[in-house]
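Student: I would like to go through this structure by question and answer. Please keep to what can be computed from the coordinates.

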Number of protein chains: 2
Amino acid sequence: MNAFVVDTITIIGVGLIGGSIGMAAKAKGLARRVVGVSRRTETLQRARELAAIDTGTKDLRSGVAEADLVFVCTPVLSIVPVIQAIAGSLKEGAIVTDVGSTKAQITRDAEAALPEGRYFVGGHPMAGLETAGVDSALPYLFLDTTYAVTPVPSTDLKALQTVVGFAEGLGAQVILMSPEQHDSSAAVISHLPHVLSAAILRLAAEEQNRSGKVFELAAGSFRDMTRVALSPPEIWRDICMSSTEALTSVIKRFEEMLAGIREDIASGDSEAVCRLFSEGREIRETQIKAGASFANGGSVNNRAS
Amino acid sequence: MNAFVVDTITIIGVGLIGGSIGMAAKAKGLARRVVGVSRRTETLQRARELAAIDTGTKDLRSGVAEADLVFVCTPVLSIVPVIQAIAGSLKEGAIVTDVGSTKAQITRDAEAALPEGRYFVGGHPMAGLETAGVDSALPYLFLDTTYAVTPVPSTDLKALQTVVGFAEGLGAQVILMSPEQHDSSAAVISHLPHVLSAAILRLAAEEQNRSGKVFELAAGSFRDMTRVALSPPEIWRDICMSSTEALTSVIKRFEEMLAGIREDIASGDSEAVCRLFSEGREIRETQIKAGASFANGGSVNNRAS
């Protein structure tokens, strides 16, 4: 009974996210036709078998020729090159969106790449799994997750409505943010935790080399703190490199915050130190929903990349 | 069939750790008699009901009068005042140990407080639970956990052997470290994670006040990273205040490490950034044993305080 949100969508990069978008689009009647683009024939074949796409092609340009809505679901540093490659093949009125973990640089470059009458709207679905690839895709991956959509002043309103309607059709809760606001928030809430996790492991390894007995003292707090360091290094390198301004600014703020805490401890200001921990606990209790952790991976809804 | 390690032990502070030591001492025949000292009559009564102690008293001095081995299991900042209070009541040859999370300041002050012929040996069992109090105590709390014992050059060898033998009798694996080595390692592996967790929550709350949409983007990585912030603030304040030198030195090193990482990101050195994440993953995979996390609390053996 659903009206299609669009007639034809093309998904470039048919992995976990792209495949799940295709499955959900079919299952929920969001599009009449789903075209998949991948560099690998086997991926396209498997995506067809799993009903994630209707047809597949390895050719970017022909793949997008009939698309009303293009989802670019490649690794984050490939998003802009892909958009530049397809820009000349999009039909009048076509909308391009992406699922990259950073938004400001991508939005600037994508807007610049598209010709008149083709529209870009950035997006970032906060959903994921520990596993990758179309075999892990699920039609309900986005159910009850947050989906950030990041318009800019020049964003076409109808294109924005289409992307928002599609994301809501996937089952997600859409929040609108500017690309800069997104990147700054994601730098705090997602990118910085990954940097801190890797950094504390580096510090611990240094200390281990000095004293030889550090890791024997490791308990639950260290294990929790470093769990995200099990994520694929290349993905996190690319995310860092695609949002250097926001991330370095947040790291700098964190360094300054640590320096202040260090001074409180050094000067014996136990009230300030207690406030740090008691406020931290209160923020954690009130702001963060309960949910499965990364490693325990109980739920599909708990991981943003 | 076990020979007692000692005749009489006195446990000052009969909570989770003290109660578990008492239960294990009885269950494993490590001591003929277990005396408990607490400020609260109800705690002593409950500890007797749970067979964690044989007899109890609210009086510190009479409680330690017959002790061969005294376990000080109070909050970390009370350990030295307790040792100063009992110093004059210890019998010739009595050994005092503690279970505090920091060791250097405690060891210096404890050694200074004890008269000739009474011996101090610091310790830190790396075991715990989310719950507190003697009702949570377990005779097997220390089984297969690490127990740091921290002698100094002036430590009496026979006293050291007694404490090590007792800790091994509890089922723990003993590692010997200097108090300074312990505090430096614990600052990296335990105290710094708690500071970082609270600090990132403070930064996120700041960002939330700016943009209003930060916590909606929080996913598994942020949840894992901030789980330890649910720990009791007063305990962590006291741990920080009892080891200010080691902790501030580690925080300073971490600030410098972050500054280096920030410069790598800012200068676009993607190889260095990738190395950070790939080395971090390798250290995490090779050095940290699998185990239940803090919040999931499956195992009793995974939390050091």
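Student: How many residues does the contact take from chain A and from chain B?
Tutor: The model is a predicted one. Two residues count as in contact if their C-beta atoms, placed from the backbone, lie within 7 Å. On that basis the contact takes 88 residues from chain A, and from chain B 88 residues.

Student: Which element of chain A gives the most to the side that touches chain B?
Tutor: The elements that give two or more residues to this side are strand 7, helix 7 (179-211), helix 8 (220-225), helix 9 (233-241), helix 10 (244-266) and helix 11 (270-287) of chain A. By class, the side has 49 nonpolar, 22 polar and 17 charged residues. The most, 23 residues, comes from helix 7 of chain A.

Student: How do the residues on the side of domain 1 of chain A that touches domain 2 of chain A divide by class?
Tutor: In this contact, 12 residues of domain 1 of chain A meet 10 residues of domain 2 of chain A. Helix 5 (104-113) and strand 7 (146-150) of chain A each supply at least two residues of the domain 1 side. The division on that side is 6 nonpolar, 5 polar and 1 charged.

Student: Which strands stand at the edges of the sheet in chain B, and why is one side of each left without a neighbour?
Tutor: The sheet in chain B is open and mixed, with 8 strands in the order 3-2-1-4-5-6-7-8. From one strand to the next the twist averages 25 degrees. Each edge strand has a single partner strand, so one of its sides has no neighbour in the sheet; these are strand 3 (55-57) and strand 8 (173-176) of chain B.

Student: What angle does the direction of helix 4 of chain B make with that of strand 4 of chain B?
Tutor: Helix 4 (residues 79-86) of chain B packs on the sheet and touches strand 1, strand 4 and strand 5 (95-98) of chain B. The angle between the directions of helix 4 and strand 4 of chain B is about 150 degrees.

Note on methods:
Residues are numbered from 1 along each chain as its sequence is written. Chains are lettered from A and ligands numbered from 1 in the order in which they are written. This is a predicted model: local features need pLDDT of at least 70, side-chain atom pairs count only at pLDDT 80 or more; totals for chains, interfaces and linings use all residues. Helices (H or I, at least four residues) and strands (E, at least two) are DSSP runs, numbered from the N terminus. Ala, Val, Leu, Ile, Met, Phe, Trp, Tyr, Cys and Pro count as nonpolar, Asp, Glu, Lys and Arg as charged, and the others, Gly among them, as polar. Two strands pair if DSSP finds at least two bridges between them. Axes are lines fitted to C-alpha atoms, for helices over the stretch in contact, and angles run from 0 to 180 degrees between N-to-C directions.
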